[in-house]
Amino acid sequence: MYGFEAMTFNIHGGYLEAIVRGHRSGLLTAADYNNLCQCETLDDIKMHLSATEYGPYLQNEPSPLHTTTIVEKCTLKLVDEYKHMLCQATEPLSTFLEYITYGHMIDNVVLIVTGTLHERDVQELLEKCHPLGMFDSIATLAVAQNMRELYRLVLVDTPLAPYFSERITSEDLDDMNIEIMRNTLYKAYLEDFYQFCQKLGGATSEIMSDLLAFEADRRAVNITINSIGTELTRDDRKKLYSNFGLLYPYGHEELAVCEDIDQVRAVMEKYPPYQSIFAKMSYGESQMLDKAFYEEEVKRLCLAFEQQFHYGVFFAYMRLREQEIRNLMWISECVAQNQKSRVHDSVVFIF
Amino acid sequence: MEDQDKARTSENQLEEENVVTFLDSMDAYLTLIDSLSSTLRQGWLELASARHSMGASRISSSLFDLKLHSAATSLRVTEDDGKYVMNQPHFTLCKWASSDDGKCCSGEAKFDGDELQKKSVSPQLRYRGTSQFDEPQEIQEKSPTSNGSPLSLDSPVQKQRHKSLSVFGTLVSPKLRAAQFSFETALETIVEIANIRSSMLSAFDQVQKDIESISTGEQ
């Protein structure tokens, strides 16, 4: 039973909930995607997007366009909207909105550290970072020689500090340890976000628990599939799974010992919400799994808007925009590579 | 008189064989060009699919390793005694050489131009327009990652493959591995094209000589 959010939510959150619902109505529709899928060139895509909310961000871009340019400009729109909401938010909504960006922060940290390990220029790496995950001392990451310095010099003053444990900081910086660091940080972040939403209670807790549990389960499946045939041991694999979600703990036990995609399917088909996802794929095939997961996620995110007076709408909107940007990226790549027959392989319609 | 007729007949036969050899090598060359085009298209799309799945920040040219390291794959050029031309260049790909001893892990992908010509001697239709639809499926079937089952290749090859992908992280999507396999296949095809082109050019030179000798004889 929820608390009486309807009585008090609008005092601090009413304006921003109205703003985010307004932004939601600006998401591209199936008709927009049909027009975009028929474009012959990237300039055609730019022309079609000029009639949408992305128009002002793309109008000054010179031809010839590149797919990364389209993605960058669309991401800028999302960043502007996010910053507007963040500066208007009060506690605890402001902390909730900051939590949404920690995933990008982790990705940026790993990008800088990996690029530095490969002797790349820091400025070049900073240009590739996601704008939502930037923080003040990010450039200093390039100075660190090992995990302990990474933590001591830079990350101790960032929101990621609590996610570092002694187990991570004692390791050297190599490709495997960086990957383990990425996944361990993300695991700790998800669990922390989950606990924070549980403390908020009410509709936010109910809706965010479902969304974050799905995220944790999807991560577990992706980690399992991506680690098949690698040096990652079963124990290390199991340590990367989050300690919540539908698959926790018995599904994780079974996933940890999977050696191929068919065994993963056998584990997941025991859970009714994931039966429909794996039913879309043929045996031995994993190419359409990402799209199936994205479709399920979009379904759940859209349902979050069916209820009022909770913070889940902000999370749902950010994720739906990111999905939209992924769609635009895929359409642009198919058009640029003259592979329009494959455009529907990865486009997920939101409405 | 009979001897002269026999000699002329055998010369004509040889000339015809040379022309057929040239045409066969040209057919094989064009088939390989088609195959390369569809393999590369498949590879680029799989790479885009991997970026879509893993995120643009995880698959980016800014992650390439600029440190000095030995090449994973090398090309050896030797001079072969060809059928028609002395010192015809022959290209051999040495894939996934171990960084420790420089030896190839997967053995040399040596192309025998005669084998391909033998295959192309038997009459078969060559589809040029639809190859991009046929061959990607064929390539997907061959891809080791699409079915999730363990590879049947040697483990050093598997290790070298993972090592070359580790610039993008240790836990990468199967789509990225599929893209790697496609580009690996494309590289083998390019070497085959180089060898068949060498054979084709030498066959063409021989046909040119035959034409010149005929026109000289007529004069």
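The structure is a predicted model, in which local features need pLDDT of at least 70 and side-chain atom pairs count only at pLDDT 80 or more, while totals for chains, interfaces and linings use all residues. Residues are numbered from 1 along each chain as its sequence is written, chains are lettered from A and ligands numbered from 1 in the order in which they are written, and side-chain values use heavy atoms, with hydrogens and water left out.

Let me begin with the interface. Here 36 residues of chain B are in contact with 45 residues of chain A, where contact means heavy atoms within 4.5 Å. The two chains bury about 3600 Å² between them, and 51% of that is on carbon and sulfur atoms. Buried area is the accessible area, for a 1.4 Å probe, that two parts lose on being put together, summed over both. Of the area that chain B buries against chain A, 22% is supplied by B:Leu45, B:His52 and B:Leu171, more than by any other three residues.

I turn to the polar side of this interface. The rule finds 18 residue pairs in polar contact between chain B and chain A, both residues being at pLDDT 80 or more. A polar contact is a pair of N or O atoms within 3.5 Å; within protein, one must be able to donate a hydrogen and the other to accept it, and residues adjacent in sequence count only if both atoms are side-chain atoms. Which elements of chain B supply at least two residues each of the side that touches chain A? They are helix H1 (2-54), helix H4 (155-165) and helix H5 (174-218). Helices are DSSP runs of H or I with at least four residues, strands are runs of E with at least two, and both are numbered from the N terminus. H1(B) gives the largest share of that side, nine residues.

The rule also finds three salt bridges across the interface, a salt bridge being a side-chain nitrogen of Lys or Arg within 4 Å of a carboxyl oxygen of Asp or Glu. In one salt bridge, the side chains of A:Asp290 and B:Lys175 meet at 3.2 Å, N to O.

Next, some individual positions. A:Val313 lies in helix H18 (residues 312-336) of chain A. Is A:Val313 buried or exposed? A:Val313 is buried, at a relative accessible area of 0%; buried means under 20%, exposed over 50% and partly exposed in between, with a 1.4 Å probe and protein chains only. Leaving aside neighbours within four places in sequence, A:Val313 is in contact with residues including A:Glu17, A:Arg21 and A:Phe305.

A:Thr101, in helix H7 (residues 93-117) of chain A, is buried at 5%. Not counting residues up to four places away in sequence, A:Thr101 touches A:Tyr82, A:Leu132 and A:Gly133. In chain B, B:Thr92 belongs to strand E2 (residues 88-94) and is buried, with a relative accessible area of 5%.

I close with the cysteines. How many disulfides are there over all chains? The count is zero, a disulfide being a pair of cysteine sulfur atoms within 2.5 Å. For A:Cys129, the nearest cysteine sulfur, that of A:Cys74, is 19 Å away, and A:Cys129 counts as buried at 8% relative accessibility. For A:Cys302, the nearest cysteine sulfur is that of A:Cys37, 18 Å away; A:Cys302 is buried as well, at 15%.
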